[in-house]
Structures are given as structure tokens and as C-alpha cells.
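Dear colleague,

I am passing on the structure below, and would be glad if you could look through it alongside the notes that follow.

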Amino acid sequence: MSDTIVAIATPSGYGAIAVIRMSGNNSIKIINNIFVSISLKKKLSENYINLGFIKIKKKIIDKVLILVFKKPKSYTGEDVVEISCHGSMYIQNKILSIIIDQGARLANPGEFTLRAFINGKIDLCQAESILDIVNSETLLSHELAINQMRGNISNIIKNLRKKIIDLLSLIELELDFSEENLFGLNKREFQKILDNIIKKINDLIKSFKIGNALKNGILVSIIGCTNVGKSTLFNKILKDERSIVSNIAGTTRNYIEENLIINGIKFRFIDTAGINNKTKDYIEKLGIKKTYKNIKKSDLILYVFDGDGFNEEIIMKNLKSFQEKYPKKKIFILINKYDLIKKKINLRNYQDKDIFHISAKYGYGIKNLLDEITFFSKKITSLKENSIIITQTRHYENFKKAIFYLYKVKEDLEKSIYPEFLYIYLHTALECLGKIIGEVTNEDILSNIFSKFCIGK
């Protein structure tokens, strides 16, 4: 942390402008050694753009703009210098090597943001939101990341931790004065605060399904028997020949996944291996096994049937078997090859709105299908105004652990168990919440989070 770090912050390749960032105690000293202002001022102005030249041994490398941020009023909380130079790869690497020769070292992935966290400029939750902003692909995922960066989730967690600390204080008083009977634990008030904490954490846990869908995309699996037109449909939805299509049964052996943004919502469409329980082909069996794994993870199933060889009994049997195995999965029933049958097919016990007559080959019914998929997605991702949504698996797991110990407190409180046990459970729940914002952390967690950042951020 005492080193001065430097990195090229813009993507690799040619461009009009590139940005080189430097952070650390020697940042300003290093830039003063290699920068000459156009105005010949000896001192760089803070929080102003300084125009001049990068020079080494009286040789001009480039005409640049320099921006200086003095600590603590900077992104990292340290002295920070940003150099805007021309986008030539030679110029970028030359300036970088000159700065390293002056005593700086190349930054590790995410090290600028790590320093911002360690220096108290942001908490761990906000640090993760910065990565989400960089990676955001849709309006909704961007808005979620912005809310997290502004500290919405952090503030809730800090408030919950304060309430748990209040409960711990009550128990400490009970432990200190129980022998003298000077203090009696007000169980009703204690229970009221505890229930309020549990409710708020449960709301956050429930929000993860929406948050994960908005951030990573709504997972839609296209399933069905072999040769019913799954890959043709997949290609038609993507408007690209992504999957190999043939008349040979079992052509798709492994699943293929592609992203598609429709009306600002990200979808992950998966073309799966055809379900053929009679196959003896080992590779095909592995593909079918992966199909079932994808079904478990999916938010929506497009179950494709061959309308040309329509057999209601077989279709009903397959649907019944599927719903017994996955009772909570939403299914759209697709009757494909409608160009060959051209008659509406009804199925017992299924509403018309869940049955789609399509021709994957010619595109008939695809627009209507996509409209309904979008409508369905809005139902599962609908947000109430000012809703707080969690998107990180790490947060979800720590909330789950915290709620486990809080329920242990609730259970033991009702049984009038000794307060020492309540204290231990509450303290563990407090630690779980602290891990989310970085109040409690370790090197492994930090390494795992910041290794996902690009160099220069």
C-alpha cells in the first residue's frame, strides 16, 4: 500500500486518446520530474487541467493533459494523477515505462478501487457496484448498480447492524446485572426489534431472484425431443445461424447459450440437447443430463413439440411428466411446423395464452412469442418504487447465514434459553452483515472480489 501504482486505464488498442492513472505518495513528485507545462509553471495546479509535454532527457514524448487530485479528495484517497495522452500504443507504453523507471510499479487488477476501499472512500458493497457499472449491459442493470454505488444497500445494512448492536447491548446488561436482579430483559420489546430485522433481511433475500435476473439475464431454455426444431427456433430468435441444424436426430449434443437484449431486458437463451431417454449414445446422454441441469436453473421453459406429427396423448404425457418433476417452472408450449398443419391445436387443461403455434423455419409466430416472453419477464422483474434489490451472490449468501442465526435467537428467546447463547448468535449474525460491506473481511475475500476488476480501475 505504500507503493505508487500506475496503469493504462483505457482499453488496449488504438484510439484518439488514452488515459494513464497513477496513485500513491510519489505520484505528484514523479509527474513533476517528467512534465513541462506549456506556461512553464513549475507547480502543477490541483483539480485543474494542465497542458504540457511529457519529456525524458529533453526529448518530447507527447503533448498531454494532466489532472492532479490531492489526497484525501481523490478516488483512492491518495494523491492521484491522470494523464490524457494520444492513443498511440507506442506513446502509452513509453509513458508507462518512464513512470515505472521513476519508481512506480504496475497496478494489480482492481488495485485503485481496493485502495479506495482500504482508505475508507467506499465500502465493499460500493466497490462491487463499480464493477457492475462497468459491466452493465441494460438500463435496469445500470440503475441497480448506480443505486448500490450510492450506498442504498450499505445504508440498510448499517442500520440493521446498529439494531443488532442495540440488542447485544440489552443482553450485555442482562449478563452484567442478572444476579442483582437490577435489569430484566424486556422480551416483548426485544422480540419486536428482532422481528423487524428478520423481515427486512428476508425482503432482501427475496429480492435476489429479481436482482440476479436483471443483472445476469433471464434464463430461457428451449427444450423438447429430438428433431422438433429447437435449434431452428434458437437461430430464428437470435437472427443468426448459431446452432447447427440437420435432419439427423441428436445433432445438438451440448447446450449453446447466447445473450439477447429485448426492450432493455437481458435474456440468456439456451438451445439444449434433445430429450431422448431411449438413446444408448454416451455423448448424447451427457448432453441430455446437461439439459436437465439447465431446466433447473431456468426462469422460463420453451417446450417445443412437432406439430406435423401431432399426437395429443404423447404431448400431454410429456407435459404431465415435466410438471410433476418441475412443478414451479413456467412453461410456454410451442407447436412448431405450423406451416405444415395450418390448424389451431388445443390441449386439455392448458390455456391458449400458454400455447404458441409457430414455424421456426419461416418465422411465423416468433414476434408474438417474443412479445409474450418480454411480458412474462416484466412480471418477474417488476420493481416497486424505491425498491432495494440485491444482485451479488456473496451478499445473498451472507444474508442467508445472518437470517439463520437470527431465527436461532428467536427460537431460543421463546424457550427462555440462557442469554449467553442469544449473544453468540446475534454476534455471528452481525459478522455476516459486516462481511457484506467490509466491516468484517479477510484477504481471501478481497482478492476474490478485486481480481475480477480490470487493470486501471
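**Helix contacts**

Where H8 and H12 meet, Leu233, Lys236 and Ile237 of H8 are in contact with Ile366, Leu369 and Leu370 of H12. Please bear in mind that this is a predicted model. The residues of this contact between H8 and H12 comprise 5 nonpolar, no polar and 1 charged. The axes of helix H8 (residues 230–238) and helix H12 (residues 366–380) come within 11 Å and cross at roughly 75°, which means that H8 is roughly perpendicular to H12.

A second pair is formed by H7 and H13, whose axes come within 9 Å and cross at roughly 155°, so that H7 is roughly antiparallel to H13. H7 passes H13 in a left-handed crossing, and the residues of the contact divide into 15 nonpolar, 3 polar and 5 charged. Among the residues that meet there are Phe190, Ile201 and Phe208 in H7, and Phe399, Leu406 and Val409 in H13.

The crossing of H4 past H15 is left-handed, and the contact is made by Leu124, Ala127 and Glu128 of H4 together with Ile445, Leu446, Ile449 and Phe450 of H15. Of the residues in this contact of H4 with H15, 6 are nonpolar, none is polar and 1 is charged.

**Nonpolar cores**

The largest nonpolar core has 32 residues, of which Ile164, Ile201, Phe399, Leu406, Leu426 and Leu433 touch the most other members. At least two residues of this core are supplied by each of helix H6 (152–177), helix H7 (187–216), helix H13 (393–414) and helix H14 (419–437), and H14 gives the most, with 9 residues.

Leucine 433 touches Ile157, Leu160, Arg161, Ile164, Ile201, Phe399 and Ala402, if residues up to four places away in sequence are not counted.

Leucine 426 has its place in helix H14, and because its relative accessible area is 0%, leucine 426 is buried. With residues up to four places away in sequence again left out, leucine 426 touches Ile164, Leu167, Leu168, Ile171, Phe190, Leu406 and Val409. The C-alpha atoms of leucine 426 and leucine 334 are separated by 51 Å, the two residues being 92 residues apart along the chain.

**Backbone details in loops**

The peptide bond from lysine 71 to proline 72 is cis, with omega near 0°, and proline 72 lies in the loop between strand S5 (59–69) and strand S6 (80–86).

Lysine 58, in the loop between strand S4 (49–56) and S5, has a phi near 65°, a positive value in a residue other than glycine. With a relative accessible area of 82%, lysine 58 is exposed.

Asparagine 227 is found in the loop between strand S8 (218–224) and H8, and its phi is near 65°, again a positive value in a residue other than glycine. Asparagine 227 counts as partly exposed, at 35% relative accessibility.

With best regards

Notes: Residues are numbered from 1 along each chain as its sequence is written. This is a predicted model: local features need pLDDT of at least 70, side-chain atom pairs count only at pLDDT 80 or more; totals for chains, interfaces and linings use all residues. Side-chain values use heavy atoms; hydrogens and water are left out. A crossing is left-handed if the near helix is turned anticlockwise from the far one by less than a right angle, and right-handed if clockwise. Helices (H or I, at least four residues) and strands (E, at least two) are DSSP runs, numbered from the N terminus. Contact means heavy atoms within 4.5 Å. Ala, Val, Leu, Ile, Met, Phe, Trp, Tyr, Cys and Pro count as nonpolar, Asp, Glu, Lys and Arg as charged, and the others, Gly among them, as polar. A nonpolar core is a set of buried Ala, Val, Leu, Ile, Met, Phe, Trp, Tyr and Cys residues joined through side-chain atoms within 4.5 Å. Buried means under 20% relative accessible area, exposed over 50%, partly exposed in between (1.4 Å probe, protein chains only). Axes are lines fitted to C-alpha atoms, for helices over the stretch in contact, and angles run from 0 to 180 degrees between N-to-C directions. Angles under 35 degrees count as roughly parallel, over 145 as roughly antiparallel, 65 to 115 as roughly perpendicular and the rest as oblique.
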